[in-house]
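Colleague: I would like to go through the terms used for this model. For each one, please set the value beside the cut-off and then conclude.

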Amino acid sequence: MGSPLPPRHHLPVSGRAFLAGLLALGLTLPAAPVFAQAAAPVAPLSPPAGGPEALPAPPTGKPLQPDLAPSARHAAQGPASVADLAAGLLDAVVNISTSQNVKNDDDTPTPKVPEGSPFQDFFDEFFNGQGGDNNAGRKVESLGSGFVIDPTGFIVTNNHVIEGADDIEINFANGSKLKAKLVGRDTKTDLALLKVEPRKPLTAVPFGDSRRMRIGDWVMAIGNPFGLGGSVTIGIVSARGRNINAGPYDNFIQTDAAINRGNSGGPLFNMYGEVIGINTAIISPSGGSIGIGFSVPTELAQNVVQQLKEFGETRRGWLGVRIQPVTDDIAESLKMDTPRGALVAGIVDNGPIKNGEIKPGDVVVKFAGEDIDEMRDLPRIVAESPVGKAVDVVLFRDGKEMTVKVTLGRLEDSEPEADDAKAAPGADEPDEGEGTEREGTDQAEPPAAELPAADSVLGMKLAGLTPESRKRFSVVDTVEGVLITDVAAQSAAADRRLQPGDVIVEIGQEGMKTPEDVVARIEELKASGRRNALMMVANKAGELRFVTLRIE
């Protein structure tokens with residue numbers, strides 16, 4: 001009748017019944033696969049005694065396991081569905097279509113064809129905007145996403161979605177469209193606030209607290225990828241506090257929820273339907289999602305959006321200090337247990353610090369009750385603080401912590417970003433803004449014979465500041481200290497990018513006036529067991545920074 005079957009006990013009961021039905025119809029089966037230890041052949045099965053009417057009934061379409069409890073059936077079908085959550089949020093997420101008139105700089109004249117030529121329409125369409133009266137420009141269109149935060153028509157998106165747009169149109173999930181006007185935008189956080197005038201209240205979504213999100217929490221992204229329409233993706237929080245060098249206040253949430261082109265400005269939800277991030281950037285060689293997306297957290301965005309809504313602009317706090325990272329060597333020099341905080345490298349003239357509350361060499365370890373773990377935490381926290389508010393600042397000074405009170409000014413757009421947000425060149429960073437070409441090394445360097453041998457230390461040759469040396473090295477009159485006239489190659493000073501014309505202002509928080517002061521202070525630190533020396537150094541223009549030099 002056919003090939004032998006495997007042993008009966010290898011088949012489930014339902015399988016044996018099915019085979020019996022096949023045999024009753026005179027059908028044969030393919031040979032069983034051969035294994036290393038094949039089972040012995042058995043006699044073929046006999047047809048069922050009842051004839052064809054004894055065959056199993058055809059499937060009814062009912063669940064294969066109807067006796068399972070609902071919870072067990074749900075578990076067997078996969079994770080819990082987010083359909084109900086998404087259904088309540090889709091109407092609040094919008095597509096943003098923008099257009100911009102771009103000037104056409106191509107002066108090439110449009111080719112002329114005879115009037116009535118069969119190719120006239122083709123030429124007119126192909127060369128539209130390339131000459132004659134059409135040379136005024138062309139229209140560029142783009143798509144992005146946004147979400148409604150107020151039923152009266154306020155919509156949040158990314159600044160780069162609407163930047164330079166002449167016309168902004170909001171497309172809603174129900175197919176309706178409304179023109180939008182720009183309320184305000186913030187380039188530093190890449191956020192923008194739009195306003196439409198709806199005939200009836202819109203579906204809005206609330207902000208949640210992004211600070212409560214933990215790595216591994218589920219999140220949902222809704223947007224308009226590639227202009228295809230509303231799209232929902234889910235993932236988890238992959239990381240927090242990411243710095244991608246997009247701006248001075250980077251503190252992104254990283255997620256593996258798919259974010260593609262067109263998702264910019266769309267919301268990132270928690271599982272309670274609250275917005276905890278605004279999707280802003282992705283890392284991708286192809287332009288599509290590879291599972292690395294970044295969202296502006298609401299702990300930063302909410303304050304910006306509220307200021308845009310209230311004032312049409314941002315009003316950030318300003319401390320007026322120049323800062324740099326606290327490295328391991330700097331922490332050791334200051335007798336700190338661990339590297340933390342932001343090292344104050346300088347005080348901005350005419351800034352909020354008027355009475356010496358904060359001094360160069362202080363380390364800000366807490367601001368307005370929030371810990372400063374890294375240097376980049378301080379600019380963000382200061383910016384989020386109200387203008388004109390007196391806040392407590394905890395400093396590490398002279399080996400101990402102390403608290404001072406400072407009233408914040410307002411950070412204007414014209415203020416240099418370096419005041420609070422950009423680090424002063426540090427001990428471990430290239431000093432790219434201060435003449436790394438070592439200008440004046442060959443022409444302005446005084447002869448080595450003019451300096452006593454004792455005034456050469458840690459690879460540096462030193463001299464006092466005089467009117468002649470100031471002029472020779474172009475050092476401004478406001479700088480006081482000991483002049484560096486030469487730096488030996490492959491020395492500790494060269495490793496820290498010190499150069500002729502720099503001035504040593506302090507070593508170990510003690511002021512330096514003569515080369516002998518520098519030599520004596522270095523010897524003192526060696527005798528006390530210090531492995532490095534913390535120096536405050538000014539460049540020719542008087543800008544201060546801290547560097548550490550190994551003295552072992």
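Colleague: Why is Lys 309 called partly exposed?

Modeller: Lys 309 has a relative accessible area of 33%. Buried means under 20%, exposed over 50% and partly exposed in between, with a 1.4 Å probe and protein chains only. The 33% of Lys 309 falls in between, so partly exposed is the label.

Colleague: Before more labels, what kind of model is this?

Modeller: It is a predicted model, in which local features need pLDDT of at least 70 and side-chain atom pairs count only at pLDDT 80 or more, while totals for chains, interfaces and linings use all residues. Residues are numbered from 1 along each chain as its sequence is written, and side-chain values use heavy atoms, with hydrogens and water left out.

Colleague: What is the average pLDDT of the protein chain?

Modeller: The average is 78, and 70% of the residues score at least 70; pLDDT is the predictor's confidence in each residue, from 0 to 100. Residues 1-46 stay under 50, with 31 contacts beyond four places in sequence. Residues 416-454 also stay under 50, and there the model has 79 such contacts. A contact means heavy atoms within 4.5 Å.

Colleague: What makes Lys 309 and Asp 150 a salt bridge?

Modeller: Their closest N and O atoms are 3.0 Å apart. Lys 309 belongs to helix α6 and Asp 150 to strand β2 (residues 138-150), so the pair ties together parts 159 residues apart in sequence. The rule asks for a side-chain nitrogen of Lys or Arg within 4 Å of a carboxyl oxygen of Asp or Glu, and 3.0 Å meets it, so the pair counts. By this rule the count comes to 22 salt bridges.

Colleague: Is Asp 150 buried or exposed?

Modeller: Asp 150 has 16% relative accessibility, so it counts as buried.

Colleague: How do you know that Arg 545 and Asp 502 form a salt bridge, and which parts do they tie together?

Modeller: The N to O distance between their side chains is 3.5 Å, and they meet in a salt bridge. Arg 545 is in strand β28 (residues 544-550) and Asp 502 in the loop between α10 and β25, so parts 43 residues apart in sequence are tied together. Arg 545 is buried because its relative accessible area is 1%, and Asp 502 is buried because its value is 2%.

Colleague: Which residue forms a salt bridge with Asp 329?

Modeller: Arg 496 does, with the closest N and O atoms 3.4 Å apart. Arg 496 sits in the loop between α10 (492-495) and β25 (503-507) and Asp 329 in helix α7 (residues 328-333), so this pair ties together parts 167 residues apart in sequence. Both Arg 496 and Asp 329 are buried.

Colleague: What makes a stretch a helix or a strand?

Modeller: Both are DSSP runs numbered from the N terminus: helices are H or I of at least four residues, strands E of at least two. The protein chain has eleven helices and 28 strands.

Colleague: How do you know that helix α8 is mostly covered?

Modeller: Seven of the eight residues of α8 (377-384) are buried, including Leu 378, Ile 381 and Val 382. The buried residues of α8 pack against several elements, among them α6, β14 and β15 (321-325).

Colleague: Why is Thr 314 called buried?

Modeller: Thr 314 has 12% relative accessibility, so it counts as buried. Thr 314 is in the loop between α6 (298-311) and β14 (316-318). Beyond four places in sequence, it touches Asp 186, Val 304, Gln 307, Leu 308 and Arg 410.

Colleague: What makes Thr 314 and Arg 316 a polar contact?

Modeller: Their side chains are joined at 3.3 Å. A polar contact is a pair of N or O atoms within 3.5 Å; within protein, one must be able to donate a hydrogen and the other to accept it, and residues adjacent in sequence count only if both atoms are side-chain atoms.

Colleague: Why is Glu 310 called exposed?

Modeller: The relative accessible area of Glu 310 is 53%, so exposed is the label. Glu 310 is in helix α6. Its C-alpha is 9.6 Å from that of Gly 184, 126 residues apart in sequence.
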